[in-house]
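This report describes a structure for a reader who has not seen it before. The sequence and model come next, followed by the description.

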Amino acid sequence: MTLFGYRVPMMASLLVWCVLWEIVGRLDLMFILPPFSDVLVAAVDLVQLPSWQGATVTTLRAFLIGMVLAICVGIPLGMLMGRVKIADDLLGMWVNIFSSAPLSAIVPVLMILFGFGEKTIIAAVFLFAIWIIVLDTRAGVRHISPSLIEMARSYGAPRWALYGKIIVWAALPEILAGIRLGLIRGVKGVVIGQLLVAIVGYGALFETFSRNFRMSQFWALTIILFAFALVVSALIERAEAKVEFYAGVR
Amino acid sequence: MVAGTEVGRTAGVAPLSRNAQAVRLFERPIVLRLVSIGLFAAAWQIAGLIPVSFAFPTFSDTMAAFVRMMADGSMVTAYGSTLQPLILGVVLATFAGVGIGTLCGLWRPGEWLLIPVFIVLQAAPVAAFIPLVTFIYGIGMTAKTLAVIILALPVIVLNTYKAVRNVNGSLLVMSRSFMGTRWQEVFKIILPDASPVIFAGLRLGVAAGFVGVVLAELLITPTGIGDLITFARSRADYAGMYATIASVIALSTVTLVALQWIEVRVFRPEKRGG
Amino acid sequence: MRAAVVRNEAVMNEPAADAIVEVRGISKTYGGVEALRDVDLDFPRGKLTSLLGPSGCGKTTLLKIIAGLIDADRGSVVVNGKKVSAPGPERAFVFQDFALLPWATVLRNVAFGLELRGTAKEEREAIARRYVADVGLAGFEDKYPHELSGGMRQRVGLARALCVDADVLLLDEPFSAVDEQNRRKFQEDLIRLRTNQNKTFIFVTHSIEEAVYISDRIVLLSPRPGRVSRIIEPDIDRSGDPDRIHRDKHYLDTVEEIWQGLKQYVE
């Protein structure tokens, strides 16, 4: 939108909200909203605490392992479903069901199967992220123009070349979109997993801060987490933009 | 999903052999679904028999527990407690969401101010707020309804906003050429054109609502489905626990499929090609 | 057998007898590109005038300025003696991509112009039914656009424009999205329609054959910047069998002459 003739980007409105937050906090209108500046101070203090640093390492490690697993299993599964009709027919229903089901209900199962530690969190991330990766990979593979495949075959391409040189690249825009959405879901998975397990990582911290109404720290942690999710999402969007140039003409 | 295609019989084509007929049977979607479910159940049964873990009941045990819990009323009561905040929350989120989304789609300042907030809420793990909500509002309907709303609202707003913004421009020009007023544009063109995507957003909102209510109940209340799950676990009634979880997933799936069916029937996609 | 009358630039400024639409000094620039420069034109009442030219000559821009859908940078448009700068009841537009409401029946689509005007439902449906029959779609009133072919959809668009009883009908390449066979049929139908209605038609096309086939008057526009280069009035006898026109000597000569003039603009 334009203000006094200058184009103001949309995300700039978030700054307006931060200012509003500051005002609301200073006026002490709601106890759950301390002044924004207090939150920032709390954030700076927080990152210096070894407990936070430890929690971050735990959280990040579980997140990354879970995501890598989800990507390594999800992409081949999606390709299988995209190329082999039987696999698609049998598995498709389940992938669709799980991609929109309340997966948080399954986390208790993970807790009894994997215990109360990191393994459960990794499993939660894996569970949350994988379905959308499979679906988007499958969509990307199915969108490939058949003549592209026929062209490769007509020039004698062996299977590995077909997959490595054509299919993965042709489906890349959708695969990256799937990874981006999978990352966002993975972050939700790590948070929900930790909230339910409640003795590790950020989940434990959230629990403590909420229970004791230490709002500045709660919001500080929230902002750090939200910022992480958005940054990671933006990074993948950059990658998607790189392959955008051929996405339209496939 | 993939629909089986049936080759039409043209006059003069000889009837298919037994084998071919069997293959054709397997291409029909309902048969495939049943086979798929059957395989899933079989895999579950085997995993439970191995057993994969001491805490992994077989498919048959789980089904038995389900029947038991339905019979003694515990599951019905639990759902009664869960569905109320879910439906209330979804209804409130729908009205608020469609209203806000339409406003942002039509009014630039509203878009600038509100959409970034909802984009952040959509991408961020707002589940982190649920414990806070329950600490503030207690363990009753209010907290659960709020949990549903904070998870469902962003996706409804964003879908509505996108739909309203991406209305077929040609139709708007056509309306102007016949001297339509702005209100006529909104109600006769923009909203009807946006309605399929708005409804799709609603469906996603319902899915998010399920997540919200289950999570709220798992965390901190003594009622509802979430509590039933935690309670079963604490008594090592794993079959009961799995049965409850499976029922919630099944319910959510059935609801979403029903909504999708409505979406296709009422807002038929082929109608979009005017 | 009269020779086709050709008017060249020097004679152009002589105002046409009873011009319903007068365009004076219209100029329009789009982001640095001059789409139209100083266009002066008269459109005679009751006649079908075509705007013809290669892509980039501004013909659609000019049409939309006359319709009031786009603002000109300079110049004026006068319709029935009154200056106009926005859409009005005396002009109706037929769109190249049909612009039909996909969720409405044929009947509602045809009646849509009247609906926006606030005409009562019974009245507007009665009027709509008449025009649905007029364009040859009787029986299709309750069908939806996705059930119709491209040619039929454009008939709906045409019927909608006829319903509002405007004096001037503006058609923006109405048959370009229609297949060849239907296109010829449409052209024949348009000639027949014209004898039944005493409206003025302004028609944008890039097809020389089409322009010569149906027009009383052809305005040739040249591109970059868009200007009027010639006005031609093909004197073709259209009273008889429409198929015969395609073999009429004057039709063929005029088409060839125009093509020779436009060839230089083809990239």
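## Chain B overall

Of the 274 residues in chain B, 41% are buried; a residue is buried if 20 or more other C-beta atoms, placed from the backbone, lie within 10 Å of its own C-beta atom. The model is predicted, so local features need pLDDT of at least 70 and side-chain atom pairs count only at pLDDT 80 or more, while totals for chains, interfaces and linings use all residues. Residues are numbered from 1 along each chain as its sequence is written, and chains are lettered from A and ligands numbered from 1 in the order in which they are written.

Chain B contains 11 helices and 0 strands. Helices (H or I, at least four residues) and strands (E, at least two) are DSSP runs, numbered from the N terminus. Among contacts in chain B between residues at least 6 apart in sequence, 73% join residues at least 24 apart. Two residues are in contact if their C-beta atoms, placed from the backbone, lie within 7 Å.

## Helices 10 and 11 of chain B

Helix 10 (residues 224–234) and helix 11 (residues 238–266) of chain B pack at an angle of about 160 degrees, with their axes 8 Å apart. Axes are lines fitted to C-alpha atoms, for helices over the stretch in contact, and angles run from 0 to 180 degrees between N-to-C directions. Helix 10 of chain B and helix 11 of chain B are therefore roughly antiparallel, a term for angles over 145 degrees.

On the helix 10 side of chain B, B:Ile225, B:Leu228, B:Ile229, B:Ala232 and B:Arg233 meet B:Gly240, B:Met241, B:Thr244, B:Ile245 and B:Val248 of helix 11. By class, this contact has 7 nonpolar, 2 polar and 1 charged residues. Ala, Val, Leu, Ile, Met, Phe, Trp, Tyr, Cys and Pro count as nonpolar, Asp, Glu, Lys and Arg as charged, and the others, Gly among them, as polar.

Buried residues in helix 10 of chain B include B:Gly224, B:Gly226 and B:Thr230. Their cover includes helix 5 (107–114) of chain A, together with helix 4 (74–106), helix 9 (182–220) and helix 11 of chain B. Just after helix 10 of chain B, B:Ala236 takes a positive phi of about 60 degrees.

## Between the chains

Among the 2 pairs of chains that touch, chains A and B have the most contacts. Chain A and chain C do not touch, and their nearest C-alpha atoms are 18 Å apart.

Note on methods. Parallel < 35°, antiparallel > 145°, perpendicular 65-115°, else oblique. Buried ≥ 20, exposed ≤ 12 C-beta atoms within 10 Å, placed from the backbone.
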